[in-house]
Amino acid sequence: MTADEPTPACDPSLGGIEAVSTAVLAMSRHLEVREVLRRITASARQLLDAEYAALGVPDDHGGFAQFVVDGVTDEQWKAIGPLPRQHGVLASMLHRLDPTRLADVRLAPDFEGWPDAHPDMKDFLGMPIIDDGEILGAVFLANKRSPAGRACGFTERDEELLRILAAHAAIALGNARLYERSRELTLAGERARIAHDLHDAVSQKLFSLRLTAKAAATLVDRDPARARAELVEVARLAAEAADELRTVVVELRPAALDEDGLVATLASQVQLLDRAHSAAVRFTSQGVRALPAGQEAAVLRVAQEALHNALRHADARHVEVTLAATPGRGAVLRVVDDGRGFDPDSVQRAGRHLGLVSMRDRASAVGGTLMLESFPGKGTVVEMEVPGA
């Protein structure tokens, strides 16, 4: 469906390919699906100078798995009510491979109205986001801004610009979905690692505890002094097993990054580890602002891995975690311990990585860098820097 072409004077240039390039860079800079959807929507609205924009990703039940809007305030969005269903013009958009351009959406045969709090919309342009013949979603624009008060609408040129943007949006959205899937697999791998640690560390201590308790029981009558010594060992092993269990519980707790942000989440986890271990674990932060979600998640996981190494393998007595802002609006994480340290080259040659590979991979995946310094008997320093937005 197309609208009659508006007067050429009502079709101001917004920069053409240069503007598309800026929009593509804006939405390709992020890895999380939700943020990519927001960037696509905002970029489309800015590119075509529309008053309103929305992007819907359909589910399999007649609704939308995700629906993002731009140009509508939070208060207006709450007043509008529940997410729209797949009906009317939106439904037709999700079953068509070609765009929909209307001079007045309210006159369309399949228009079914909107809630009372919904803003009034007239001219309309909808474009499917397609990947290999599959409609991933659709971006909708309404009310093209009018120069000097003249009535305008979306043009064929607008349609072509949005088509180009939608093609890039399909790539960005596909990459974001692959990233989130890889992150899910990484989390599954981390849970498997924790389960392995639980089996190795806690099970061995419980086995030793049981044997020592049996030895103490046999010595109670014929050698009370040795029995008392064995019971002291039982108490020590029980305390160590409890420490291991508490650490596992800390690592299994879901990180509250979405709700609390990186600084608060990292501070909370350091506090829990400080309580769970005899080592003193401290955290300080210096002027760090919110980072892109992917970078915050990577920094948190690297900090957790470095803390795990310091507390489980290095027998550290003191661990200092700092998070500081960098001049480029990024952040640098430092985890410093006074443990027994190691020779990184020897560890690598022996095939024991202590999570070093995963830490470097996490840093690289979000455009960051990771540096590690260690020497036997001299402790370890792990430093990760991320660029920010």
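Is Phe-67 buried or exposed? Phe-67 counts as buried, at 10% relative accessibility. The notes below start from the overall model and then return to this residue.

1. **Overall picture.** This is a predicted model. The protein has ten helices and ten strands. Of its 389 residues, 44% are buried. Now take contacts between residues at least 6 apart in sequence. Of these, 64% join residues at least 24 apart.

2. **Phe-67 and Trp-77.** There are four aromatic pairs in the count. In one of them, the ring centres of Phe-67 and Trp-77 are 6.1 Å apart and the planes stand at 0°, so the pair is stacked. Planes under 30 degrees apart count as stacked. Phe-67 belongs to strand E2, residues 64-70, and Trp-77 to helix H3, residues 74-80, so the pair ties together parts ten residues apart in sequence.

3. **Burial of that pair.** The two partners fall into separate classes. Phe-67, at 10% relative accessibility, is buried because the value is under 20%. Trp-77 has 25% relative accessibility and counts as partly exposed.

4. **Phe-111 and Trp-114.** This aromatic pair is edge-to-face. Its ring centres are 5.0 Å apart, with 80° between the planes. Both rings belong to partly exposed residues. Phe-111 has a relative accessible area of 24% and is partly exposed. Trp-114 is partly exposed as well, at 27%.

5. **The aromatic cluster.** Together with Phe-124 and Phe-140, they form one aromatic cluster.

6. **Ala-65 in strand E2.** Strand E2 also holds Ala-65. Which residues does Ala-65 touch, not counting those up to four places away in sequence? They are Val-57, Pro-58 and Asp-59.

7. **Ala-44 in helix H2.** Ala-44 lies in helix H2, which covers residues 33-48. Its relative accessible area is 0%, so Ala-44 is buried. Leaving aside neighbours within four places in sequence, Ala-44 is in contact with Val-139, Leu-141, Leu-162 and Leu-165. Leu-55 is eleven residues from Ala-44 along the chain, and the two C-alpha atoms are separated by 9.7 Å.

8. **Geometry of H8 and H10.** Helix H8 spans residues 293-313, and helix H10 spans residues 356-365. How do the two helices run relative to each other, roughly parallel or roughly antiparallel? Their axes come within 9 Å and cross at roughly 160°. An angle over 145 degrees counts as roughly antiparallel. H8 and H10 are therefore roughly antiparallel to each other. H8 passes H10 in a left-handed crossing.

9. **Residues at the H8 and H10 contact.** H8 contributes Ala-298, Arg-301, Val-302, Glu-305, Ala-306 and Asn-309. H10 contributes Ser-358, Met-359 and Arg-362. By class, the residues of this contact divide into four nonpolar, two polar and three charged.

Conventions
Residues numbered from 1 in each chain as written. Predicted model: local features only at pLDDT ≥ 70, side-chain atom pairs only at ≥ 80, totals over all residues. Heavy atoms only, no water. Phe/Tyr/Trp six-rings, centres within 6.5 Å; stacked < 30°, edge-to-face > 60°. Helix = DSSP H or I, 4+ residues; strand = E, 2+ residues; numbered from the N terminus. Buried < 20%, exposed > 50% of the residue type's maximum accessible area, 1.4 Å probe, protein only. Contact = heavy atoms within 4.5 Å. Axes fitted to C-alpha atoms, helices over the stretch in contact; angles between N-to-C directions. Parallel < 35°, antiparallel > 145°, perpendicular 65-115°, else oblique. Left-handed = near helix turned anticlockwise from the far one by under 90°. Nonpolar A, V, L, I, M, F, W, Y, C, P; charged D, E, K, R; others polar.
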